[in-house]
Each structure stands twice: as structure tokens, then as C-alpha cells.
Amino acid sequence: MAGGSNILELIPFIAGAFIAFSIGSNDTSNSYGISIGCGILSFRRAIYLLFFLVFLGIVLQGQKVMRTVGSELVDLNIHIISISLIISSIAIILSNWKKLPVSSHQAIVSSLVGSGLAFGVSVDFNTLIRIVESWVISPVSAFFASVIVYRIMESVVSKMPPLKVERAVRYLLLLSGSLIAYNTGANELATALGPIVCYGLLTPLQAGIAGTALLWLGAYLLGSRVVETVGKGITSLDPFSGFSAQMGAGISVLLFTSLGMPISTTYCIIGGVTGVGILKSTKTIRSPFLKKIFLSWVITPLTAMILGYSISSLLA
């Protein structure tokens with residue numbers, strides 16, 4: 001029995017490793033996709049910056065989101081954690097392979113709830129409602145925050161010489177991308193590792209070190225695929241617009257992280273990019289691609305919850 005229990009506890013580690021790897025392959029685009037798309041930063045430099053800032057984020061601010069997902073949402077057991085993380089990792093890797101941004105939060109939270117319902121454990125629906133509300137509000141808030149940042153920047157730079165503007169915007173774009181990278185650790189990776197930490201399989205520091213290393217590996221090996229999608233797929237971005245979109249998204253994610261809500265950095269970035277694109281001209285928005293992203297936003301949580309419930313029902 002003890003041997004079987006030990007083997008069972010290995011599954012969350014393996015699945016969690018896949019999740020961290022997948023976030024790296026998917027979320028490099030969130031942090032530095034626009035900088036890379038605008039030619040400001042090389043892909044190699046971007047992933048090294050990502051490593052440092054993700055680690056900083058999960059160590060300094062990740063535990064609040066971990067508690068929401070790992071303690072407050074579902075009364076976890078080892079089967080629920082294993083099934084949910086396996087489903088989530090497969091969903092994220094498949095979406096990345098299709099070159100579509102996907103929310104790891106939606107996959108993880110939904111499969112945890114589906115699996116928890118099948119096993120008959122306590123599920124806190126008030127927490128679930130707050131999380132879903134955050135999923136809806138966060139991209140919208142990123143949309144409007146990006147528009148406000150764009151308007152403020154427009155007013156400021158109109159009084160500056162062009163060469164000075166170009167140099168300032170390049171630095172600001174790196175700053176906004178770095179804010180997103182920090183949020184990836186504080187929110188995205190914290191969501192993935194929350195069940196493992198709160199169940200006592202790893203300490204927060206152990207999870208932070210291992211998770212950041214695996215995230216970096218995912219970014220190094222597969223991150224360049226989705227970079228092209230967010231950086232260029234929705235609308236063409238110049239450095240000025242890219243900064244506004246990223247800063248708006250970064251502010252939004254940081255706000256929800258401070259509230260302990262697991263929200264998608266991916267969809268906040270998309271909200272920010274769309275806001276700036278519409279502000280410039282609705283003709284610059286590639287609507288068919290945006291519709292595909294919206295469908296993914298709806299289908300991912302539903303599929304994850306159904307799979308979590310179905311697979312868990314067979315084992316319960």
C-alpha cells in the first residue's frame with residue numbers, strides 16, 4: 001500500500017512538470033511577444049529575463065493565488081490533483097501545438113471542480129463564482145486600461161522630439177513586458193502549483209524553484225510558436241501601441257493577483273491588444289482570429305470540467 005501510495009504521489013509531480021513546461025511554451029508570448037514582434041528584443045534574451053522575473057513573482061506574491069486554488073476551491077485528494085493536472089497539461093500542450101493562446105487557469109480550475117464533483121468532495125461555489133467573474137472582468141479591464149495608457153502616452157509624447165520618443169518607448173515596452181513576466185510567476189505558475197503546495201507535496205520555495213526551471217525549459221523549446229500569434233495575429237503593433245497593451249494588461253493582472261484571483265495573463269494581453277487595435281482603427285483588427293480565441297475561452301473550461309468529471313467518475 002505504501003509503495004502504491006508513493007507511486008500515486010508521483011503523478012502530480014509529473015503532471016505539474018508538464019503544466020509548468022506548457023506555461024513556458026505558451027506564456028513567453030504574453031511577456032515579450034510584442035517586444036519580439038516589434039524587433040526590440042531577441043527571443044533568447046527574452047526567455048532569460050522571463051526566468052528571473054517569474055521566479056521573483058512566485059516567491060514574492062504567489063501564495064495568495066495558491067491558497068485560492070489549492071485550499072479554498074475544492075477539498076483536494078491525491079486523485080483529484082492528479083487527474084486535474086494531467087487534463088490541464090494535455091489541453092495546454094495541444095492548444096500550443098495548434099498555435100492558439102490558452103488559459104492554463106481555466107483548464108486547471110475547471111478540471112479541479114469537475115473532478116471534485118465526481119468524487120463527492122466539498123466544492124466552494126462562492127469561490128468558483130468569484131473566479132469566473134474575474135475571468136470575465138479581467139480582459140475587459142485590460143482593454144480599458146490599455147486605452148487609457150495609450151491616451152496618456154499620446155498626450156505625453158506629443159511634446160517630445162521623435163528620437164527621444166522612440167528610445168523612451170523601447171524602454172517602456174521592456175518594462176511592461178517584465179511586469180507581465182512577474183505576473184506569470186505570481187499568478188499563472190502559482191495557479192498550476194497551488195494544489196501541489198497546499199496538499200503538502202512541496203514547500204512553496206521548492207515549487208517555485210522547480211516550476212520556474214521547467215517553465216524556462218518550455219519557453220526555450222516551444223515558446224517561439226505562440227509568440228507569432230499574440231505579437232502579430234490579432235493586429236499589427238508598433239512599439240507605442242505594444243507598450244500600451246502590455247501595461248494595461250499588466251496592471252489588470254497585478255490587481256487581480258493582489259486579490260488572490262487566478263486569472264489568465266493570456267486573455268488580459270489579448271484584451272489589451274484588442275483595445276489598442278480598436279482605438280487606432282477597427283479595420284486593423286483581424287476578427288476571424290479573435291473569434292477563434294473567444295471560442296477557446298469558452299470551450300477550454302467546459303471541456304476541462306467535463307473531462308475531469310467523466311474520468312473521475314470512472315475512478316470514484
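**View 1. A nonpolar surface patch in the predicted model.** Phe 51, Phe 52, Leu 56, Val 59, Leu 60, Leu 205 and Ile 209 form a nonpolar surface patch of about 660 Å². Patch residues have over 30% relative accessible area and no salt bridge, and nonpolar side chains (Val, Leu, Ile, Met, Phe, Trp, Tyr) are joined within 5 Å. A salt bridge is a side-chain nitrogen of Lys or Arg within 4 Å of a carboxyl oxygen of Asp or Glu. Accessible areas come from the Shrake-Rupley method with a 1.4 Å probe. At least two patch residues come from each of α2 (43-61) and α8 (204-222), and α2 gives the largest share, five residues. Helices are DSSP runs (H or I, at least four residues) numbered from the N terminus.

**View 2. Phe 52 in helix α2.** Phe 52 has a relative accessible area of 52% and is therefore exposed (over 50%).

**View 3. The largest nonpolar core.** This core, a set of buried Ala, Val, Leu, Ile, Met, Phe, Trp, Tyr and Cys residues joined through side-chain atoms within 4.5 Å, has 69 residues. Tyr 32, Val 74 and Leu 189 have the most contacts inside it. Helix α7 (residues 162-198) contributes the most, twelve residues. Beyond neighbours within four places in sequence, Val 74 is in contact (heavy atoms within 4.5 Å) with residues including Ile 80, Leu 112 and Val 123.

**View 4. Ser 89 in helix α4 (residues 78-97).** Ser 89 has a relative accessible area of 4% and is therefore buried (under 20%). Neighbours within four places in sequence aside, Ser 89 is in contact with Ala 15, Phe 18, Ile 19 and Ser 22.

**Notes.** Residues are numbered from 1 along each chain as its sequence is written. In this predicted model, local features need pLDDT of at least 70, side-chain atom pairs count only at pLDDT 80 or more, and totals for chains, interfaces and linings use all residues, while side-chain values use heavy atoms, without hydrogens and water.

How values were computed
Patches are made of residues with over 30% relative accessible area and no salt bridge: like charges are joined within 9 Å, nonpolar side chains (Val, Leu, Ile, Met, Phe, Trp, Tyr) within 5 Å. Buried means under 20% relative accessible area, exposed over 50%, partly exposed in between (1.4 Å probe, protein chains only).
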